[in-house]
Amino acid sequence: MTLMNLLLQGAFAAYLLAFSAYLLHLFWRRPFLGRLAFGLVISGFALQSLCLGLRWSAAGFLPVTNLFGTQFFFSWALAATYLYFEIRYRIQSAGLFVLGCNLALLLSVLPRNPALPPLIPALDTPLFTLHVSLSFFGYAFFAMAFSLGVLYLLQRRLDSPRLPDLALLRKLNEESIFLGFCLFTLCMVFGSIWAYIAWGYYFSWNIKAVWSSLVWLYFGGMCHAKFVRRWQGGVYAWLSIAGFGVVLFTYLGIGLLLSSNHPLG
């Protein structure tokens, strides 16, 4: 077994243990469980970062040229996004949902071929790295918003003292959408510049580009609705959940169900 496989399995084990510790913390409120879970997430993220660094060094470019690479990077970005919210807001067991999403991503990665396909010449530019990394960090914030939206709806129904209050969940959900939209906007800008340099046009009507534009319009509409129509709380939570469905179709559905001439499927 290679070092990268060991690191990947170690990261998965650390995240799984963190998920279990947060689950215990939810029902058995002991401070040490929250600290243990956070330490395990940090450990898993460190192992995953080292694995990403080794893959990047071996390839000579950001290794996201196949489904293994993109799912691995999506998982890493999602863990980084969770750590941002945990360090800033101490959400603790509220991280159960996003850690569950991360475990599902990694579980689908483990049996896949970790090979590093060569980079086509059109992608061999720093704009490729900027475009793809900003895209997946945008996706990660949208996934975080999905998790917080589900949690908001549960808390509104249960009114449990074990979960964050509704005001905090609403704030975090709105912040996730806003930050994800900002990052995805930059992704679209750098992608357009890259397309112009590589092919001579800023936008093509392939299905991946069209659906990426729909993702941008959808979440831009959510940001607009919050400030103009004052859509907050439950409506925003449901829109966050539906929006992540659009994200998943754009990321996975197009590549698996349809054909696209986008360089990354």
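Trainee: How many residue pairs are in polar contact between domain 1 and domain 2?
Mentor: This is a predicted model, where local features need pLDDT of at least 70 and side-chain atom pairs count only at pLDDT 80 or more, while totals for chains, interfaces and linings use all residues. Residues are numbered from 1 along each chain as its sequence is written, and side-chain values use heavy atoms, with hydrogens and water left out. A polar contact is a pair of N or O atoms within 3.5 Å; within protein, one must be able to donate a hydrogen and the other to accept it, and residues adjacent in sequence count only if both atoms are side-chain atoms. With both residues at pLDDT 80 or more, the count between domain 1 and domain 2 is seven.

Trainee: Which element gives the largest share of the side of domain 1 that touches domain 2?
Mentor: Helices here are DSSP runs (H or I, at least four residues), numbered from the N terminus. Those giving two or more residues to this side are α1 (3-27), α3 (67-89) and α4 (96-109). With 15 residues, the largest share comes from α3.

Trainee: How many residues does the contact take from domain 2?
Mentor: The domain assignment, automatic or from a database, gives domain 1 as 1-119 and domain 2 as 123-265. Contact means heavy atoms within 4.5 Å. Domain 1 gives 30 residues, and domain 2 gives 32.

Trainee: Which residue forms a salt bridge with arginine 88?
Mentor: A salt bridge is a side-chain nitrogen of Lys or Arg within 4 Å of a carboxyl oxygen of Asp or Glu. A search of the whole structure finds one. That pair links distant parts of the chain, helix α3 and helix α6 (residues 166-199), 87 residues apart. The closest N and O atoms are 2.9 Å apart, and the partner of arginine 88 is glutamate 175.

Trainee: Which backbone nitrogen does the side chain of asparagine 66 reach?
Mentor: Asparagine 66 lies in the loop between α2 (31-59) and α3. Leaving aside neighbours within four places in sequence, asparagine 66 is in contact with Asn113, Ala115 and Pro117. At 2.8 Å, its side chain reaches the backbone nitrogen of glycine 69.

Trainee: Over which residues does pLDDT stay under 50?
Mentor: pLDDT is the predictor's confidence in each residue, from 0 to 100. The chain averages 88, and 94% of the residues score at least 70. Where pLDDT is low, the predicted coordinates should not be read in detail. The stretch under 50 is residues 259-263.
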